[in-house]
Every structure is written in C-alpha cells, then in structure tokens.
Amino acid sequence: MKNFKPTLLLFLFLGILGVSSCKKSSTKPQTAASSVSVKFNGTAYTATNITASYSKSQNALQIVAINGNVTTYLVVTNVKVGSFDLSTGGAAVTFSIGTDAYTATSGTLVITAFTSTTVTGTFQFVGTDLSSKTGTGTDGTFNTGYTTQ
C-alpha cells in the first residue's frame with residue numbers, strides 16, 4: 001500500500017494536467033541548457049527530450065524526460081524551493097527503462113531554484129516495479145524551463 005500513494009499522485013496529476021491543458025496556456029520556452037540526468041543502478045542516463053509544465057491553479061509541476069526507451073517522471077505538488085520526501089506523497093519520481101517502471105518508495109527531491117520560467121534541483125530515490133524488483137536512482141539533477149497552465 002506504501003507504493004500506491006506516490007503512484008496515485010502521479011496519475012492524478014497527469015489527469016489534472018490533461019484536463020487543464022485544454023485551457024489556453026501561456027507558453028514559456030525552455031532554456032537551451034535544459035537537462036535531466038540520473039544514475040540508475042549505477043548507470044548514468046541523460047534525457048534528450050524534456051517537457052515541463054506548471055499548473056498555477058494547482059501549484060503543481062510535472063517534468064517528463066525521455067531518451068529512447070528511458071523515461072524519468074518528476075511530479076511536485078505545492079511547489080516551492082525546498083526538500084520533498086518521496087515517501088509522503090508531496091512529490092513523486094518514476095523511472096522507466098524498457099517495460100520496467102520503478103516508482104519511488106523513498107528518497108528526496110529538492111528544488112533549489114524556482115522562478116517564473118525555470119526550475120532547478122536534485123533527486124535520489126529507491127523504487128520498486130510491479131514485480132517488486134528494486135532499483136536505486138542517485139545523483140539526479142534537473143534544470144529546465146517550463147510552460148505555465
């Protein structure tokens with residue numbers, strides 16, 4: 001049941017974002033230096049395609065970072081500069097490689113800077129997939145512009 005809360009938060013936010021994306025949004029371009037990277041089980045991954053959006057009405061941020069068959073999802077509610085405990089549901093991280101998706105059951109996500117156009121921070125986590133395999137994400141970083149909804 002512990003895994004359910006972050007996963008539910010992620011899917012709830014994705015649903016809210018999907019509905020709110022039908023509204024007119026003000027688009028802010030991502031900075032040229034946008035990046036998301038993480039070491040997962042010791043192997044470094046860096047995203048080549050990053051999409052980030054912030055729902056002002058929900059005060060929620062979503063970052064989707066993709067490179068081939070590797071995807072990193074970061075979700076934060078009540079966005080502010082500070083530290084978020086991934087086991088409590090204020091933030092969620094999911095790391096997918098191929099058909100395996102690891103949802104963070106513990107760890108932290110830290111927002112070090114949050115401006116009207118960009119967000120920067122770090123994250124680390126231990127996650128499990130549906131077959132109860134565990135994986136560890138370390139040295140996670142993000143620095144990206146976002147669109148505001």
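Author: Start with Ser 96, which is in contact (heavy atoms within 4.5 Å) with Asn 69, Val 70, Thr 71, Tyr 73 and Ala 101, leaving aside its neighbours within four places in sequence. Ser 96 lies in strand E7; strands (E, at least two residues) and helices (H or I, at least four) are DSSP runs, numbered from the N terminus. This is a predicted model, in which local features need pLDDT of at least 70 and side-chain atom pairs count only at pLDDT 80 or more, while totals for chains, interfaces and linings use all residues. Residues are numbered from 1 along each chain as its sequence is written, and side-chain values use heavy atoms, with hydrogens and water left out.

Reader: Why is Ser 96 called buried?

Author: Buried means under 20% relative accessible area, exposed means over 50%, and partly exposed is in between (1.4 Å probe, protein chains only). Ser 96 has a relative accessible area of 14%, so Ser 96 is buried.

Reader: What makes the pair of Tyr 54 and Tyr 146 edge-to-face?

Author: A search of the whole structure finds nine aromatic pairs. Rings of Phe, Tyr and Trp (its six-membered ring) pair if their centres lie within 6.5 Å; planes under 30 degrees apart count as stacked, over 60 as edge-to-face and the rest as tilted. The ring centres of Tyr 54 and Tyr 146 are 5.8 Å apart and the planes are at 65°, so this pair is edge-to-face. The pair links distant parts of the chain, 92 residues apart: Tyr 54 is in strand E3 and Tyr 146 is in the loop between E10 and strand E11 (147-148).

Reader: Are those two tyrosines buried or exposed?

Author: Tyr 54 has 10% relative accessibility and therefore counts as buried. Tyr 146, at 2%, counts as buried too.

Reader: Why is the pair of Phe 123 and Phe 125 called stacked?

Author: The planes of Phe 123 and Phe 125 are at 15° and the ring centres 6.4 Å apart, so the pair is stacked. Both residues are buried. They also belong to one aromatic cluster with Phe 40, Tyr 45, Phe 95, Tyr 102 and Phe 142.

Reader: What makes up the largest nonpolar core, and which elements give two or more residues to it?

Author: A nonpolar core is a set of buried Ala, Val, Leu, Ile, Met, Phe, Trp, Tyr and Cys residues joined through side-chain atoms within 4.5 Å. The largest one has 28 residues, and Ile 63, Val 93, Leu 109, Ile 111, Phe 123, Phe 125 and Phe 142 have the most contacts inside it. Strands E1, E3, E4, E5, E7, E8 and E9 each give two or more residues. E8 supplies the largest share, four residues.

Reader: Why is Ser 132 called exposed?

Author: Ser 132 has a relative accessible area of 58%, and therefore Ser 132 is exposed. Ser 132 lies in the loop between strand E9 (118-128) and strand E10 (134-145), and has a positive phi of about 70°.
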